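Work through the exercises below with the sequence and the model at hand. Try each task before reading its solution.

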Amino acid sequence: ASFDQLKNLMSKRVFRDEKDGKSFSPHRLMDGATRSNLGVEFLSMAVADIDDGISLDELRPAISQYTWIATSSFSHTNDHPKFRLVFPLTRDVYTAEWKVFVAGFHSLLGNHVDPSTKDPARFYFLPSCPEEFKDDVFYEVNEGEWMDPESCLTAGMLLTGEAAPKIEDTFENEFGASQAEHPPSYLEYVE
């Protein structure tokens, strides 16, 4: 699946009373692995759940140069914004790099990210909400550059004092694209 396919999936919303339903995950599991942090090989997208009440407009200056999808979360209201951001990455981020990457990524977003979304094996429900919140929902796509993981890795190394493993500059991702190209993204779609 591709980032364009995810844009299409996230543009649709289901109205329901309970958070449930179809989901996606931006990771690829190792052959034969089950869904656990130890079983994740890499991630093709960075996902952030913002639930602390900051608005997308308040975060926009920090992320306006990137391509992203934003969609309101299940319990979002205009009085207390809650939303998900999904950024495609110019290269896959391997789990050995993930902890350092996440530190830099969360810092870019002003540390407004729900800390439970740091796990590489996490999956995310596609947009839904109770019917009573239908007037508050939003979906937006920002077109910019795809996020280069190196900027978050560099920031993460400064924040954590840890070094991420070096990935070859000429490395090709799962889809045969170099990090200078836009890989189609790995997306696991769960019914």
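This is a predicted model: local features need pLDDT of at least 70, side-chain atom pairs count only at pLDDT 80 or more; totals for chains, interfaces and linings use all residues.

Residues are numbered from 1 along each chain as its sequence is written, and side-chain values use heavy atoms, with hydrogens and water left out.

**Exercise 1. Find where confidence is lowest and where it is highest in the protein.**

Step 1. pLDDT is the predictor's confidence in each residue, from 0 to 100. Its mean over the protein is 82, and 86% of the residues reach 70 or more.

Step 2. Helices (H or I, at least four residues) and strands (E, at least two) are DSSP runs, numbered from the N terminus. Confidence is lowest in strand β10 (residues 188-190), with a mean of 51, and highest in helix α2 (residues 56-63), with 96.

Step 3. Over residues 169-186 pLDDT stays under 50. For this stretch the model has 47 contacts (contact means heavy atoms within 4.5 Å) beyond four places in sequence.

**Exercise 2. State how many helices and strands the protein has, and in what pattern they follow.**

Step 1. The protein has 4 helices and 10 strands.

Step 2. Along the sequence the pattern reads α-β-β-β-β-α-β-β-α-β-β-β-α-β.

Step 3. Among contacts with a separation of 6 or more, 79% join residues 24 or more positions apart.

**Exercise 3. Describe how helix α3 and helix α4 cross.**

Step 1. Two packed helices are described by the angle between their axes and the distance between the axes. Axes are lines fitted to C-alpha atoms, for helices over the stretch in contact, and angles run from 0 to 180 degrees between N-to-C directions.

Step 2. The axes of α3 (residues 95-108) and α4 (residues 149-160) come within 7 Å and cross at roughly 95 degrees.

Step 3. Angles under 35 degrees count as roughly parallel, over 145 as roughly antiparallel, 65 to 115 as roughly perpendicular and the rest as oblique. Therefore α3 and α4 are roughly perpendicular to each other.

Step 4. Residues making the contact include Val 100, Phe 101 and Phe 105 of α3, and Cys 152, Leu 153 and Met 157 of α4.

Step 5. By class, this contact has 10 nonpolar, 4 polar and 1 charged residues. Here Ala, Val, Leu, Ile, Met, Phe, Trp, Tyr, Cys and Pro count as nonpolar, Asp, Glu, Lys and Arg as charged, and the others, Gly among them, as polar.

**Exercise 4. Is His 106 buried or exposed, and which residues does it contact?**

Step 1. Buried means under 20% relative accessible area, exposed over 50%, and partly exposed in between (1.4 Å probe, protein chains only).

Step 2. His 106 lies in helix α3 and is buried, because its relative accessibility is 11%.

Step 3. Beyond neighbours within four places in sequence, His 106 contacts Asn 111, Val 113, Asp 114, Thr 117 and Lys 118.

Step 4. One of these partners, Asn 111, is in the loop between α3 and β7 (124-125). At 56% relative accessibility Asn 111 is exposed, and it has a positive phi of about 55 degrees although it is not a glycine.

**Exercise 5. Locate Glu 162 and list what it touches.**

Step 1. Glu 162 sits in the loop between α4 and β10, and its relative accessible area of 34% makes it partly exposed.

Step 2. Not counting residues up to four places away in sequence, Glu 162 touches Lys 99, Val 100 and Met 157.

Step 3. Glu 162 and Lys 99 are 63 residues apart in sequence, with 9.2 Å from C-alpha to C-alpha.
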